[in-house]
Amino acid sequence: MTPTLRVVACGSVDDGKSTLIGRLLAETGSVAEDHLDYARRTRRGGSTIPAGEVDYSLLTDGLEAEHEQGITIDVAHRYLDLPSGRRVIIADAPGHEQYTRNMAVAASTSDVALLLVDATRGVREQTCRHLAVCALMRVRAVLVVINKLDAVGYDQVLFDKLAGEVRANAAGLGIADVEAIPVSALGGDNVVRPSAQLPWYQGPTLLGALSAWQPVPVAGGDFRLPVQYVVRAEEFRGFAGTVVGGAVRRGDRVVVAASGASSTVDRVLGPAGEVEVAGPGTPVTVTLAGDVDVRRGDLLTTPESRRDGLSPATAFSATLVWTAEEPLRHGRSYLLLAGPLTVPVVVTSVRGRLDVLSGKQFAARTLEINDIGTVELSTDTATSLDAYETCRDTGSFLLADRVTKQTVAAGMVRYALRRGRNIVPQAYAVDRAARQRLKGQRARVVWLTGMPGAGKSTIADALERRLHALGLHTYVLDGDNVRSGLNKDLGFTPEDRAENVRRVAETAKLLLDAGLIVIVALVSPFRADRAVAKALFADGDFDEVFIDTPAWVCAERDPKGLYAKAKAGTLPNMTGVGQSYEPPEHPDVVVDGTSSIDDAVAVLAARVTP
């Protein structure tokens, strides 16, 4: 059976992708007649296509907003049957820069890219960005379609120039299989049939190139089964998922990548019942001999794979395509989603940003929307991820915001960092419970947040004095005190504030383990950073306390002269002036910052005293 060919059509906006795909569909009989009639009768505002002729772009732009604006917004998938009978799935990706995320998703499953270049406009930045995404997503071949040649008189010199520019860019990105094809999607030249307008071109038509393309044979790879569901029934326990690498047979020896627990495959159940063997793309449920702890998100693989690279790690080098409007903040915790696996992760450093025009990496501290960069990640728990070049399915992931749950980046694992496999937590006999018993108290973190001048440090000082008088063991982590030592290397940019909160939270966690009552007095202006801090602690161990003081009162108090500096323009990142403060939506405690200190202390002391 010939495998389906997956194609992504990409390039800059208005390069003619939708028209090209529409013509391919129409001239191969892959469009219903009523759909063709619709494209003959319907016209967008400003259309120059004569009435009665087919507007091919209408055959692919499926959203109402796309019809109204004459652009592609979402990825539209269309099905094409080649003369050989092979099925092709074409993903028409949007060309606008703000929809690069949609294009990246389409490229991630594609074998071939149709990279369009408008001959009247040349190679543009978005053309290069899409080519870079294709390289990152390991798209196997690129067909460079130089479109709208009818508008430049079918100029061979211009075609050769544009094709050379793309080939040079592709070579810098490591793409070797590149073929340039001249076409006019509007006129139909060289799309399905050769054109008399192009006597200087001796290569295949676009349809011919798609028909002739064959993948380079690769080794089958080792078995991979991400477990999506644990199937439980009476005297039955199976592990369901889709095979994404290699094959599985009854009697095969397999291991759980994360834990190393091993077993033998007892049965392999496919959609139609029990099978002898299941290969890539097959949904299966496997049962194992013996009682093995396997959970949703685990990865079943071969013992050799775990030994050679899939052993769990906590640190990885990865490439990100940043898709969120809010910039990447290293030090902030996100959710990493890889198939059924979800694990908290921190971007510990940004190693570089790719310049899509030159193909070179440049130093960067953050990534903006549509940037492509190399980063280092640290997961909360040891995780088994492949290098993307080894297996697309188990080497790719998404990053999501922990508060909004919206996707912020698409990622490809480069490799596990050595340090991520060489750190093993050490357990000690004297634990938190023993330390709490010795001190006669229950450890807790009281996190005071509020605008500068709200009264956090004043309340923290009074609270500690009250607890100390009661014989309780405490420690205060004050924002300015921490910044004079542990965090003296951090500034006040959003990403540095995220790292500041992360370090303080980790320090508070250590002090909590020591059995102390920890009072944190920190502006911590962003909800997402505070949510990440709270997520480090078990229920009942962390109180988020909002010191609710009106901004005008904070500015009037101005105990450190910060508001005066901000007003004078010498403190641009001042919270509440140059940067926003995001008050907690659901704090554990709200303290009126204008009330008496004794009242505030009484409320907080009652929460932490036995």
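Modeller: Contact here means heavy atoms within 4.5 Å. Leaving aside neighbours within four places in sequence, Asp558 is in contact with Tyr563 and Ala564. This is a predicted model, in which local features need pLDDT of at least 70, side-chain atom pairs count only at pLDDT 80 or more, and totals for chains, interfaces and linings use all residues. Residues are numbered from 1 along each chain as its sequence is written, and side-chain values use heavy atoms, with hydrogens and water left out.

Asp558 lies in the loop between α15 (551–557) and α16 (562–568); helices (H or I, at least four residues) and strands (E, at least two) are DSSP runs, numbered from the N terminus. The side chain of Asp558 reaches the backbone nitrogen of Leu562 at 2.8 Å, and a polar atom of that side chain lies 2.9 Å from the backbone nitrogen of Tyr563.

Asp558 is buried (under 20% relative accessible area; exposed is over 50%, partly exposed in between, with a 1.4 Å probe and protein chains only).

Elsewhere, Asp386 forms a salt bridge with Arg224, with the closest N and O atoms 2.6 Å apart. This pair links distant parts of the chain, 162 residues apart, and both Asp386 and Arg224 are buried.

Note on methods. Lys and Arg count as positive and Asp and Glu as negative; His and the chain ends are not counted. A salt bridge is a side-chain nitrogen of Lys or Arg within 4 Å of a carboxyl oxygen of Asp or Glu. A polar contact is a pair of N or O atoms within 3.5 Å; within protein, one must be able to donate a hydrogen and the other to accept it, and residues adjacent in sequence count only if both atoms are side-chain atoms.
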